[in-house]
Amino acid sequence: MLSERAKKLKSSPTLELAAKGRKLKAEGHDVISLAVGEPDWDTFEVAKAEAIESINKGFTKYVSANGIEELRKAIVEDLKKDYGFDYSPEQVSVATGGKMSIFALLQVLIGKGDEVLIPAPYWVSYPDMTELADGTPVFIPSTEAAGFKITPKDLESKITPKTKLLMLNSPSNPTGSVYTKEELKAIADVLKKHPQIFVMSDDIYNKLYFSGALAPQILEVAPELKERLIIINGASKSYSMTGWRVGWGIGPLPIIKAMANYQSQSTGCGNSIAQRATFKAITEGGKELSAVQRKLIERKNYAVAEVKKVKDVSVYNPDGAFYLWINISKCLGKQFRGESVKTSKEFCAMLLEEKKVITVPGIEFGMDGYLRLSFAIEAKRMTEAFTRMNSFISELK
């Protein structure tokens with residue numbers, strides 16, 4: 001009955017875990033969720049005020065498929081201010097979330113037989129969205145010793161005549177690792193030898209960087225890649241607007257136009273009110289963003305210190321985003337009350353069942369032996385979560 005495309009579909013593991021957490025909470029359990037990639041602080045005041053004003057003014061109708069002009073102008077002006085990159089508003093397509101921007105890009109760029117290079121560990125949706133575009137995901141493994149970043153040699157080894165796209169995410173979900181300018185230049189040097197390869201730079205966490213205002217960007221060190229580069233970003237993370245669903249793609253005009261056309265035949269257009277709110281967040285949310293950046297650094301330092309108290313695990317100290325990538329390999333192969341814990345998925349399932357703490361297994365990100373958790377949560381609940389985790393691990397035999 002279902003199409004072959006539908007048979008490939010899998011639900012998002014992070015959203016699935018979030019739904020399970022909400023169900024347990026509704027049943028009266030004290031659940032601590034560290035699974036979903038969203039901040040626990042509210043949307044910026046300037047954005048909320050603008051949304052209310054837009055509703056009251058009647059700005060509630062359809063808008064252009066590629067987004068309202070003032071938002072697209074604000075996006076390119078912000079990018080110019082941040083990195084010095086020159087784009088026109090016509091080279092921006094606004095969609096219903098960064099995820100939709102990536103989905104639209106893959107739909108218009110990738111065809112049957114095209115290979116998409118995905119460094120691992122990766123955001124859970126990259127492989128499935130690639131397959132839904134009839135592409136073939138090709139994974140590039142990384143190591144903890146390399147900071148969970150691929151090397152030029154790693155990249156070169158996976159390139160074939162069928163390679164069409166490299167998906168680059170820095171700061172990374174799930175590890176929080178960030179490529180330096182030197183590392184990006186080395187990757188760019190490989191890409192220059194293969195002119196058929198496009199690059200998607202997923203910059204959704206670029207303003208949530210712990211060593212400066214902005215994470216390095218590959219176009220800074222390789223401007224000659226501009227006609228092959230598509231930048232993805234959005235309002236969800238930096239401005240705490242996950243539920244508003246505003247994201248965008250920036251890049252070569254033919255690709256951006258195709259993305260807008262795809263959106264016009266699927267979602268139609270993005271939410272008009274949310275776009276006005278995002279415009280305000282970008283243009284007037286600087287103070288609130290600076291406060292968020294300071295808060296995240298404090299929380300990161302606190303979370304790393306707390307997880308170091310947990311038995312038999314180690315943690316990668318992230319450079320950006322708001323996740324901890326925790327090595328639980330010492331816990332695997334043990335037993336919990338006579339039941340074997342073989343994989344990160346089993347570990348996370350038992351931790352939820354027994355201690356009501358939700359984390360995401362590393363296997364969902366293409367690397368078993370790890371788990372991802374968010375530290376965008378208040379300190380008291382974070383400490384309680386790690387206390388429960390430690391209690392669980394102490395019971396492993």
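**Exercise 1. Handedness and geometry of the H4–H11 pair**

Determine the hand of the crossing of H4 and H11 in this predicted model, and describe the packing of the two helices.

*Solution.* 
Step 1. The crossing of H4 and H11 is left-handed.
Step 2. Two packed helices are described by the angle between their axes and the distance between the axes. For H4 (residues 69-83) and H11 (residues 272-284), the angle is about 25° and the axes lie 9 Å apart.
Step 3. Angles under 35 degrees count as roughly parallel, and H4 is therefore roughly parallel to H11.
Step 4. On the H4 side, the contact is formed by Glu70, Leu71, Ala74, Ile75 and Asp78. H11 contributes Gln275, Arg276, Thr278, Phe279, Ile282 and Thr283.
Step 5. Sorted by class, the contact of H4 with H11 comprises five nonpolar, three polar and three charged residues.

**Exercise 2. The H5–H6 pair**

State the hand of the crossing of H5 and H6, and identify which residues meet there.

*Solution.* 
Step 1. The axes of H5 and H6 cross at roughly 35° and come within 9 Å.
Step 2. The crossing of H5 and H6 is right-handed.
Step 3. From H5, the residues involved are Lys99, Ile102, Phe103, Leu106 and Gln107. Their partners in H6 are Ser125, Tyr126, Met129, Thr130 and Leu132.
Step 4. Six nonpolar, three polar and one charged residues make up the contact of H5 with H6.

**Exercise 3. The largest pocket**

Give the volume of the largest pocket, and characterise its lining by element and by residue class.

*Solution.* 
Step 1. At least two lining residues come from each of helix H2 (13-26), strand S1 (32-33), helix H5 (98-109) and strand S15 (370-374). H2 gives the most, with six residues.
Step 2. The lining of the largest pocket divides into 19 nonpolar, twelve polar and eleven charged residues.

**Exercise 4. The second largest pocket**

Which element gives the most residues to the lining of the second largest pocket? Describe this pocket as well.

*Solution.* 
Step 1. The second largest pocket has a volume of about 640 Å³.
Step 2. Among its 26 lining residues, Lys10, Ser11, Ser12, Pro13 and Glu364 are the closest to the centre.
Step 3. Two or more residues are supplied by each of H2, H5, helix H6 (125-132) and helix H13 (344-355). H6 gives the most to this lining, namely five residues.
Step 4. By class, 14 residues of the lining are nonpolar, four are polar and eight are charged.

**Exercise 5. Backbone features in loops**

Locate proline 121, proline 171 and arginine 337, and describe the backbone at each position.

*Solution.* 
Step 1. Proline 121 lies in the loop between strand S3 (115-120) and H6. The peptide bond that joins alanine 120 to proline 121 is cis, with omega near 5°.
Step 2. Proline 171 is placed in the loop between strand S5 (163-169) and helix H8 (181-192). The bond from serine 170 to proline 171 is cis, with omega near -5°.
Step 3. Arginine 337 is in the loop between strand S11 (334-336) and strand S12 (339-341). Phi of arginine 337 is near 50°, a positive value in a residue other than glycine.

Terms used: Residues numbered from 1 in each chain as written. Predicted model: local features only at pLDDT ≥ 70, side-chain atom pairs only at ≥ 80, totals over all residues. Heavy atoms only, no water. 1 Å grid on protein atoms, 1.4 Å probe; cavity = no way out; pocket = protein on both sides within 12 Å on 5 of 7 lines; lining within 4 Å. Points joined across faces, edges and corners; volume = space filled by probe spheres on them. Helix = DSSP H or I, 4+ residues; strand = E, 2+ residues; numbered from the N terminus. Nonpolar A, V, L, I, M, F, W, Y, C, P; charged D, E, K, R; others polar. Axes fitted to C-alpha atoms, helices over the stretch in contact; angles between N-to-C directions. Parallel < 35°, antiparallel > 145°, perpendicular 65-115°, else oblique. Left-handed = near helix turned anticlockwise from the far one by under 90°. Contact = heavy atoms within 4.5 Å.
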